Amino acid sequence: MTHPLAGKPVPPELRPDIEAVVAAYYAVKPDPGDRRQTVHFGTSGHRGVSRDGTFNEAHVLAITQALCQLRKSRGIGGPLYLGRDTHALSAPAEQTALEVLVANGVEVRVAAGGACTPTPAVSHAILAHNRRHGGTAAQADGIVVTPSHNPPGDGGIKYNPPHGGPADTDITAAIARRANHILTHGGREVKRTAVGPARRGHGLVPFDFVTPYVADLATVVDLAAIRAAGLHIGVDALGGASLACWPAIADRYGLNLDLHHASPDPAFAFMPADHDGQIRMDCSSPYAMAGLTDHRDRYDIAFGNDPDADRHGIVTRDGGLLTPNLYLAVAIAYLFRTRPAWGPQLQVGKTVVSSSLIDRAAAELGRAVFEVPVGFKWFVEGLAGGTLGFGGEESAGASFLRLDGTVWTTEKDGILLALLAAEILARTGRDPWQHSEDLRARLGDVHYERIDQPLPAEDRLALARLGPRHVRATALAGDPVTGVLTRAPGNGAEIGGVKVTTQGGWFAARPSGTENVFKLYVESFRGAAHLARVRDDARQAVAEAIALCRAEPRQPNPPAA
């Protein structure tokens, strides 16, 4: 049920106490014996809440020390590019990481003056450095301190190896194991040295992330066409790190751009409440984006980013905020028709929980689809290696190749996808919503939803280990089941849940890595009423599969080598 405050201002008494949040970062000592308070890397880093003992100074000390040891073991001897967003915990966590990196002799390149840095700008900097130094001990990597679009009281930290994108599960598992070992032993092996506010010397190098990133945007988006069209553009950075980029983009390329919420506020008090009454800087949420959608008539096109700028939200006059799946399909249909240098081998990257409208758009283009589990890390190799032209997730994160068919970033880039929406309007005279109407008229309409369902911890573990044998459902909404997947078709990797398909639709279920819920994704090709039937049958099928899985005797863990 939608919260009564959804899309409305949050009263002061319901906003987070930022001073208490920051104080708890230092004061609360996590208990290594409590699994909830140990280090866990989800699809995009370790995240948590300081007052709950899940994101504290001890976590960042241990994670950063583990990263330093990983770098040494892998022969990564170049600089580390360090960025952060505007969450209240990001500045203190960045300072903690700096002190450990410097003490371990790592050269750190960090924005001057404590400025914030978008995630895609960090990826761009890593790739630019490694084009000059790739294959040598001087290769670079990076850290971004961000909990993404999570509430103001949350913190997060993620690692980008030399390929510039999110670390894969082998790396994050190794970091987590080592970090938890450090936590368990009281952090005694952490090296740390004081770093003053000037942030100079001791291997610290002030770095301009914004200028080279902004200058390079012209190699991937037709900014000249946007300028020539004279579009009036509205941008809501949601008080995040893209605030550093949008004025520079407007100045360099002569764009007529209005920037909303141009001053960071760690409480994000300007944000309307999300669907559940929480403050959440989710640029794909119609409730969180109400501040911009309410003004959409002022602009030819408008868009927003989340705090670390790796996600996008596209707003049009007639369509309001586009759903992420719809815009991804429009972007794919447009890009592969307007990038003549993109070779015929380039595929479309999507996740198993993204809309089948993307598959239809790719089929219309004659392009193969590379379908992977949730997590942008699965697109890194294809974008870097020239087998993917585009990679996107249903959670409004995507990136694509430069105009010449070479890699841009190997991270989600919300700024890029926002500018693409303006290019689409500038070059075609029709905005992405109008293109989506054309697309659905040609390819058929779909109805899609994602729901967070409560699920006890033991059931979450069972859901993650489901196999096809556990799914006994033979039909969904009266249609025979045509497939039960626990591995992604594109790369064979485990999806960490299950996907069940029919001719009329599909559902997928995945457990949350941090909360006692599971994510239920449902799509129908036959309308809203059919969607409801698929949803109801999906809930029953998941409950039955979990019960069967839990009834099986667990295999003992193999003895340690």
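Trainee: How many helices and strands does the protein chain have?
Mentor: Helices (H or I, at least four residues) and strands (E, at least two) are DSSP runs, numbered from the N terminus. By that count, the protein chain has 16 helices and 21 strands.

Trainee: Before we go on, what kind of model is this?
Mentor: Residues are numbered from 1 along each chain as its sequence is written, and side-chain values use heavy atoms, with hydrogens and water left out. Local features need pLDDT of at least 70, side-chain atom pairs count only at pLDDT 80 or more, and totals for chains, interfaces and linings use all residues, since this is a predicted model.

Trainee: What percentage of the residues of the protein chain count as buried?
Mentor: Buried means under 20% relative accessible area, exposed over 50%, and partly exposed in between (1.4 Å probe, protein chains only). Of the 561 residues of the protein chain, the buried share is 59%.

Trainee: Among contacts between residues at least 6 apart in sequence, what percentage join residues at least 24 apart?
Mentor: Contact means heavy atoms within 4.5 Å. Take the contacts in the protein chain between residues at least 6 apart in sequence; the share joining residues at least 24 apart is 69%.

Trainee: Let's zoom in. Is K350 buried or exposed, and which side chain makes a polar contact with the side chain of K350?
Mentor: K350 is in strand β12 (residues 347-351), and at 1% relative accessibility it counts as buried. A polar contact is a pair of N or O atoms within 3.5 Å; within protein, one must be able to donate a hydrogen and the other to accept it, and residues adjacent in sequence count only if both atoms are side-chain atoms. Leaving out residues up to four places away in sequence, K350 touches a list including V369, F370 and E371. The polar contact of the K350 side chain, at 2.7 Å, is with the side chain of D359.

Trainee: Where is R535, and how far apart in space are R535 and Y521?
Mentor: R535 is found in helix α16 (residues 528-551), and its relative accessible area of 19% makes it buried. Not counting residues up to four places away in sequence, R535 touches E449, I451, L520 and V522. R535 and Y521 are 14 residues apart in sequence, and their C-alpha to C-alpha distance is 8.5 Å.

Trainee: Which loop holds E394, and what is its relative accessibility?
Mentor: E394 is in the loop between β14 (388-393) and β15 (397-400). Beyond its neighbours within four places in sequence, E394 is in contact with residues including R450 and Y521. E394 counts as buried, with a relative accessibility of 11%.

Trainee: What is the phi of S148, and what is the phi of F268?
Mentor: S148 lies in the loop between β4 (141-145) and β5 (154-160) and is buried at 3% relative accessibility. F268 is in the loop between β8 (256-260) and α9 (290-293), and is buried at 0%. Neither residue is a glycine, yet phi is positive: S148 has about 65 degrees, and F268 has about 50 degrees.
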